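Subject: Structure for you to look at

Hello,

Here is the structure I promised. Please open it alongside this note.

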Amino acid sequence: MASDSMDFHLKVWRQDDRESDGELVDYPNVAHDISPHLSFLEMLDLVNERLIERGDRPIAFDSDCREGICGTCGIVVNGQPHGPKRKTAACQLHMRAFDDGDTIYLEPWRADAFPVVRDLVVDRSSFDEIMQAGGYVSVQTGPKPDGNSIKIGKDVSDQAFDSATCIGCGACVAACPNASASLFTGAKVSQYAVLPQGQPERERRVLRMVHEMEDQGFGNCSNIGECQAACPKDIDLDNIARMRREYVRAAAKKGSPNPDEAEV
Amino acid sequence: MTLDPNVPEGPLHEKWDRRKENYSLVAPNNKPNKDVIVVGTGLAGASSAASLGEMGYNVKTFCISDSPRRAHSIAAQGGINATKNYPNDGDSIWRLFYDTIKGGDYRSRESNTYRLAQNSSNIIDQAVAQGVPFAREYGGELANRSFGGAQVSRTFYARGQTGQQLLLGAYGSMMRQVDAGTVSMFPHREMLDLVVKDGRARGIITRNLYNGEVERHTADAVVLCTGGYGRIYYLSTNAFNSNGTAAWRCHKRGAFMANPCYVQIHPTCIPQSGEYQSKLTLMSESLRNDGRVWVPDDKDDCDKPPSQIPESDRDYYLERKYPAFGNLVPRDVASRNAKLMVDEGYGVGPNQNAVYLDFQTAIEQKGRDYIEDKYGNLFEMYEKITGEDPYEVPMRIFPAVHYVMGGLWVDYDLMSNVPGLFVAGEANFSDHGANRLGASALMQGLSDGYFIIPHSLSNYLAENRHDLDDISGDESAFDEAEDEVRTNIQKLVDASDRNREKPSDQQSTVMDIYKRLGRLTWDNVGIEREEESLRSAVDQMRELRHEFWNSVVLPTDTDKFNKNLEVAGRVADFLELGELMAKDALHRDESAGCHFRVEHQTDEGEALRNDEDYSYVAAWEYQDDGDGQPEGWNLHQEDLEFEFVELKTRSYK
């Protein structure tokens, strides 16, 4: 049971910018008198206030909604992306999940495709590049048939929804020893593969997105499953299986796995 | 000066069609030569950028996040209204329009609100075509639920993540245009000034938040979709980076700020648990479909666990006071009643700062599976934050700042009084009057972005083609704006360097001042306002602004990622906006919707409007003191003409 006030020893990755070398820096006495009700990021807010007051540079981290939906925050806490609690983003982690006196390691997402901006902040624009390659249904703005003219069974709709809840935080990449973006890409591919709206571009989408994923420097999937374990939305590993099936199917149907050569 | 909203003539239901028929067009071969800047990538921004890109314009889109998908629309939970009438419960365009006008306590522009209701069905069709996974019935049709202020079920939803799914749909459409080469994306950029040349908006100045570079961007028109300024309260349901700076800089360049005191306090949020809390979390209004709000009958029971308070000793005060709408009264009514209960000593929870939202009846009647399917992720979120299981123990909730109805003034074409500056979504003031109904923000953002801006902006470009000459970033208007941006950043650095020399008890961090600003705004321009405290708030805002500049210390590296520097600039702007909010609330000597002046209430404690004197939009013009700070504001009025609805006292009884 957590007491009302806790002290922590922080070890934080400090790196001034993308080009600099980084190092783990010890902060034995800054995270003191911490209430267990604080969220992890509020603990960092407080630590930063103390650092600023004494004229030190605060720890750079990013966050936005602080309710686990925007995907901005992301810190590797004690080796685990988003920390020790399952299905919980770093912003929803509370200090009651730790014990008084714990040493806590804080590091950025580590992947070639996610260069460090500063300290714990990384650049995830590679995810946008993957989305740009096909993470949508190509429809123009304008008059459309009535929403109920496309009937979709509740089971199919729920399945698509489960894939669509990915928040694009990148924890899956950080958790993967190959720094693969397969769970992220697979979730988007799956959402549209099961929905009728996604059918016309089904082959083109998977071929283009998978190739973009490789071009961005993400690794391949070797079925380890850490990605799902780290995912704050519990996106299922089945999404990767589906993506592969879709990929093979598309390559066979369109004559090539290469989107530039395939007839898509 | 009386403002002309530029509303088309004719019957309400023909206005928008007539206006569209009269709009001038830009020929397809000319569109790629027209540059449009869209600032913000939430629902309004992403849908504007996608639609304008599809039309063939050369679009540049900017956001403060590392990816456009992170915009705060993503956090909207409950749903989006539309007049489909799928449940066959008597809904129509007129009814959604009427509910929205009434919900806004007759302080919105009739024509805009009607158009919003007209567009609502198209939004659902558009989103379905994009593959947005709305909730479905077993037969495959779209599902609906109810929201406050309505007696029909017209809200479409995707579990408790409707904003996320709609935003990913709009973001996807925008990314498709990035791929097509019509939209260029500039993430992690903060807009720090609007460039006005010959009286027209012709570009923006941004700061790259990763490396501090100050950049110039030219355009033929600018669309501002930067959301609301609710973070002025520090504690709110808004995201950490949401802010009012882009709108405020436009205001200081001449755009009028309309009804800034209209702020929505959402009734169902998780109450504050401690001093260091950084934000409040919303629990969707949709929960009031199945949750019942209550407090103990007896104050002495407030400390007891809720399970030990029998049914007979509970006061379901919303059901008691408003039998017709019950737990689904509009947000302003629900919020004020929750505050009333807590103020009178009926607050529950460890800090006695909450009321219960109880699902026991619904779980008994409909089963746990039903509740889990509808609200599963909300219940999980509640448990993560509070450590309590809402399937077993009722939720504790309290009102929190959630949305601002006020914003930059726009005419019917969504153009501000600065030609070429369009404003869409929460950033404009237009559709919700003094109170927004639930599930209407998503609707407005997408109506503006998909279905209005593309047409009205095209018309502007076509009509003004002879005045929109080629523009280069080297022109003096850009020099001047960039200089000002650099000066503003340097002022913060210099202030910090100066203040570091002072004794530590005379230093404040940015967050110290920010929290005090939030408290000051909440206490005086919050759920209830009154003359004396508003007067004092105006003075206190000025004093706090002075204190900010004379005590603030912050990390001063301007060429790196520096969150404190970003926030310092936003707080400096909020400290000016706060004064205007208090002034606006003071000047509006009536109650209307969320603007509840204690001096003006009915015998039953409801908001009492004064239609004779205040049936207008208050649009404020900024006056500079010559040193970059506000000297004061001039009031301009847009009279609200109610041609089609009769003004009544709202009743939800």
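Please keep in mind that this is a predicted model. Here is what I found, part by part.

Chain A

Chain A has 264 residues, and 54% of them are buried. Its secondary structure amounts to eight helices and seven strands. Along the principal axes, the C-alpha atoms occupy a box of roughly 60 × 40 × 35 Å. Take the contacts in chain A with a separation of 6 or more: 70% of them link residues 24 or more positions apart.

The chain is divided in two. Domain 1 of chain A covers 6–118, and domain 2 of chain A covers 124–254. Their C-alpha centres are 29 Å apart. Where they touch, 18 residues of domain 1 of chain A are in contact with 17 residues of domain 2 of chain A. The domain 1 side of that contact has nine nonpolar, six polar and three charged residues.

Where the chains meet

Chain A puts 68 residues into the contact with chain B, and chain B puts in 65 residues. Several elements of chain A each supply at least two residues to its side: α1 (40–53), β6 (116–118), α2 (125–132), α3 (154–164) and α5 (182–194). Of these, α1(A) gives the most, with seven residues. By class, the chain A side divides into 25 nonpolar, 23 polar and 20 charged residues.

The core

The largest nonpolar core has 285 residues. V223(B), L224(B) and L408(B) have the most contacts inside it. Helix α15 of chain B, residues 563–587, gives the most to this core, with 13 residues. In general, nonpolar side chains tend to be buried together in soluble globular proteins.

The sheet in chain B

Look for an open sheet of five strands in chain B, with the order β5-β2-β1-β9-β17 and parallel pairing. Its edge strands are β5 (183–186) and β17 (421–423) of chain B, and each pairs on one side only. On average, neighbouring strands are turned by 20° against each other, direction ignored.

Strand β9 of chain B spans residues 221–224 and runs parallel to β17(B), with three bridges joining the two. The bridge partner of V223(B) in β17(B) is F422(B). Helix α11 of chain B, residues 441–463, lies across β1 (35–39), β9 and β17 of chain B. This helix runs at about 155° to β9(B).

Which residues does V223(B) contact, leaving aside its neighbours within four places in sequence? The set is V36(B), I37(B), V38(B), V39(B), S48(B), F422(B), A424(B), I453(B) and L457(B).

The domains of chain B

Chain B is divided into domain 1 (266–402) and domain 2 (490–639). Their C-alpha centres lie 31 Å apart. Five residues of domain 1 of chain B are in contact with four residues of domain 2 of chain B. On the domain 1 side, helix α8 of chain B (residues 331–346) gives the most, with four residues. That side has one nonpolar, one polar and three charged residues.

Best wishes

Technical notes. Residues numbered from 1 in each chain as written. Chains lettered and ligands numbered in written order. Predicted model: local features only at pLDDT ≥ 70, side-chain atom pairs only at ≥ 80, totals over all residues. Buried ≥ 20, exposed ≤ 12 C-beta atoms within 10 Å, placed from the backbone. Contact = placed C-beta atoms within 7 Å. Core = buried A, V, L, I, M, F, W, Y, C linked by C-beta atoms within 7 Å. Nonpolar A, V, L, I, M, F, W, Y, C, P; charged D, E, K, R; others polar. Pairing = 2+ DSSP bridges. Axes fitted to C-alpha atoms, helices over the stretch in contact; angles between N-to-C directions. Domains from an automatic or database assignment.
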